[in-house]
Amino acid sequence: MLAWTIYISFLGVAVQMLLPGKAVRASRALALLTAAGSFAATLAGWARHPGGELATIVRVPWIPSLGIEYHLAADGISITLLLLTGLVAIAGVLFSWNIDHRTKEFFAFYLALIGGVYGVFLSFDVFLLFVFYEIAIIPKYFLIATWGSTRREYGAMKLAIYSFVGSAMVLVGVIAAYVVAGAHTMNLLELSKVAFPVHFQMWAFPLVFVGFAILAGLWPFHTWAPTGHVAAPTGASMLLAGVVMKLGAYGCLRVAMALFPRGMDPWGFRVLGFGSWRGVFALLALIGIVYGAMVALVQKDFKFVIGYSSVSHMGFVLLGLMTLRQIGMAGAVLQMFSHGVIAGLLFAVVGRMVYDRTHTRDLDELGPMRLGKTLPFAATVFVLAGMASMGLPGFSGFVAELQVLMGAWQAFWPLVPCAGLGIVVGIAYTWRAMQKAFFADAGEGRAIAAHALPPITLPEEAGAAILLAASIAAGLFPQVLLKLILPALNSPLFDGLRRGSWQ
Amino acid sequence: MTGTGYAEILRLVMPETIVVIAAFLVLAVDRFFLTQAGTRVRFTVAAAIAVVGCGGSLARLWMAPQHAFLTEGMLVVDPLSNLVQAALLILTILAVLLAVESRFTEHVGEYVLLMLMATAAMMFLVSSENVLVIFLSLELLSLSLYVLTAFSKSSIQSAEAGVKYFLFGGMSAAFMLFGLSLLYGLSGSISLSGIASAIGPHGLDPMLMVALVMTVIGFGFKVAAVPFHLWAPDAYQGAPAPSASLIAAGSKVASFVIFAKVLMIGFAGAEGSAAWRAYAAGYVPVVAVVAAASMVLGNLAAIAQSSLRRLLAYSAMAHAGYMLLALAAHTSESVASLIYYVFTYGLTTVGAFGVVAAVETETGSDKLSDFNGLSRRAPLLSLCTLVFLLSLAGIPPLAGFFGKFFLFAAALQSGMGLLWLVILAIAMSAVSLYYYLRVLKGIYVADPPASAGPLRVPPLNLTVLCLIALAVVLLGAAPGWLLRLIENAVSAR
């Protein structure tokens, strides 16, 4: 059933392309139907595999002479991320309802991107995973370059090149792993059982990890993220921040860490105080948390605030992965879900509800418009989403970041106060943006009367409701997701990881 | 050694013979029956005869595959040569079909004749392991291509391209002949295996090194590898589109196959090693250096181009660099991956030149700005271009990606020593995405010029281009079939 998420999405692409160019309404409806259909398929698949153990969905030989298979499989981590993809995809279509320039092409690229994302989350053959990973690159480029705003062609090209460089690094590592293993297979589980020589893992792990982590916004390779997010049209920013960054984190966990667990072992010597790649990446993740938050604090552009906040929040994901403690890694996966939903919502408010109406994202210009009065719905949603983003209890961010910090406390406690600092700054920048954009005192600047701004439409309300509900549900009942995630972390795929530094 | 009569030889070279007969038939029909007809009719008839001829030759290859090894490797017919010949015929058929609508010449019969002669030369080239026959076929191929390049008499660029191609080609032929004659002097044999067995025991003496370098220069020119590439941008830009696609596709396939044969059979025992910090003299380090130079220069220079044809020329150098990697690896898997790569590359390039031709006829030039907004003016043509360029960039699930993957995996399987070259190749292919995306940005993102209406593409061209695009997608999504075919052919040697 889960495989249909991929097929429905690509079927949607094909039908979009066949539609006549004028059929804007049909194109929107079809996109919504496709996204909802994929989500329904995910729910059905979840019902069938509620335990979160690894379950093979499809497995047929693809290129027998190289031992490559078309192998789709899902565990709890995949299902969690599939749910996220489905939610963000539906909301993204709803928030793209006002696209009327080359509509069918927009949705064709949009659905192709979604299809690639579903494919990555479901692939259990490294080669197949890589194929889907690259399929997702091209639609991003066209979505941003064609329908974007500020410096769209620059942002789009930067994003495409960063992604492609990352995937090139992954490709080197994957081919090398295939050849060194000599097992004539690309199956993740089979490869994870191969005992690669430690010196090989020591260079393959950082190569593949960084290759994927570029897309997850690892500092200092994060610079594509703010420019890309800002340049993208609302629906695409939601997908980028909500889902595509998770592709990177997922790849880190699923490929880099699962295949080369001993790459995280101590080197046996210390350079600049670092004893292992694990320490290096944990520190980079921490820098990302603090740096992203600090930079978000001083932005003038509303969307850049959210863009940098994504870098900060993704830092928690990578930090959680590097703890190598069950609680930290579970927190990391939960944070992927949580950040996906919240970032999607924040970008929706900024990009669609505010920018498409006021045509400015400058915080100083937004203030005098008194958006808190003129767009009360947008203000409310932003306040709620901001609370979730700050990590207040009751929202998904709280459980996720708490678990990551608990894991980090066990693994490397000196880092935790710094991460805590990141959270405090996070409260500050969210507060600042909220205050300046929605609740500033109307000075003598230009005040725009309420009737000048078009009211919030039904699709926007529906999209916001879906994402808010998801965040609150995950915050109040994290057990639902943890029941999926924990068994997946105990699956045989991570045996090597558990035997190594895992405690 | 004796005992092979002419009848037997004729039977073995039946596929080539059919092509040659078709070539003369084209000329005769055009000369005697169609003097009054318009260019379009003449091209249609000539193309029809050529397609039937190539098709007949293909059928012969398919139905009655031969197997023979004649005196001194003069004629080697085996599954591998049959397969490569079939690939060459397919590429020629496509190039001829895309030529039907062109208007650059009055001399239709001669033009198609030369295309078929070039094809026959390529077919002889790949079915020989004898330096004399190799040189003769190469000359027949080159001379046909020089004329094809300069064929557009009204275009000064075409003439310039022809002269440049000819001068560089003549020079490199001299180098190659010098290298081959040194080989003969060293070994007293003109067959590749004879040469190998004569020089093998002595190892690398300085004379052999000279012969090796000369030979690599000669073939390096044919495959447009850096630093023997100077003719390529001009030839690609000036030549009529069908000639350019023949140079870029068919001739590339044939040259790479024979290059591999000469190195791997003729210089067996003189491989050397290009492994990082484990260098040993031989042909592998020479090839590795040329490969690295081609990848770097080709990809970086392509970024600066504003004409699509020149961009394709520089990207061709880059691709030649990737393919040379397979020669540096010199295993049977790497040869299989080379053949997959070069064939799918040829297919893609024929398609790309088909697109260039279609746009050129409407806008009069191949500047990148002329492609602006093409997706609004010709959606199907743009989709084909998307497929071709992304395949060249190596994006899955298109054939170009699988070609690269097989190639790099095969190169690493020969030993981790080539890892540095593989890393360079993958890094450079990340660079290449930039300039391919730049073209696609013009097509999909930029707005068309205000006055521009829909672009008219002849239905035949559009059909052929769609078929090629479909093939590129299918060969990418299901590469197992072709790969098995190639691997069987390679291992059957």
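This report describes the chain interface, the nonpolar cores and a strand hairpin of a predicted model.

## Interface between chains A and B

In the predicted model, 25 residues of chain B are in contact with 25 residues of chain A. On the side of chain B that touches chain A, the elements that give two or more residues are α17 (399-413), α18 (419-444) and α20 (480-491) of chain B. The largest share of that side comes from α18(B), with 11 residues.

By residue class, the side of chain B that touches chain A holds 19 nonpolar, three polar and three charged residues.

## Nonpolar cores

The largest nonpolar core has 414 residues, and the members that touch the most others are Leu318(A), Leu325(B) and Ala328(B). Helix α14 (residues 326-358) of chain A gives the largest share of this core, 20 residues.

When residues up to four places away in sequence are not counted, Ala328(B) touches Ala274(B), Val284(B), Val287(B), Ala288(B), Ala291(B), Leu418(B) and Leu421(B). Another core, of five residues, lies apart from the largest one; Val13(B), Leu70(B), Leu75(B) and Val77(B) are among its members.

Strand β3 (residues 266-271) of chain A is hardly covered, and the count of buried residues among its six residues is zero. Its pairing with strand β4 (residues 274-276) of chain A is antiparallel and runs over two bridges. Within this pairing, Pro266(A) stands opposite Ser276(A) in β4(A).

Two residues lie between the strands of the hairpin of β3(A) and β4(A), where Leu272(A) takes a positive phi near 55 degrees.

Conventions
Residues are numbered from 1 along each chain as its sequence is written. Chains are lettered from A and ligands numbered from 1 in the order in which they are written. This is a predicted model: local features need pLDDT of at least 70, side-chain atom pairs count only at pLDDT 80 or more; totals for chains, interfaces and linings use all residues. Two residues are in contact if their C-beta atoms, placed from the backbone, lie within 7 Å. Helices (H or I, at least four residues) and strands (E, at least two) are DSSP runs, numbered from the N terminus. Ala, Val, Leu, Ile, Met, Phe, Trp, Tyr, Cys and Pro count as nonpolar, Asp, Glu, Lys and Arg as charged, and the others, Gly among them, as polar. A nonpolar core is a set of buried Ala, Val, Leu, Ile, Met, Phe, Trp, Tyr and Cys residues joined through C-beta atoms within 7 Å. A residue is buried if 20 or more other C-beta atoms lie within 10 Å of its own, exposed if 12 or fewer, and partly exposed in between; C-beta atoms are placed from the backbone. Two strands pair if DSSP finds at least two bridges between them.
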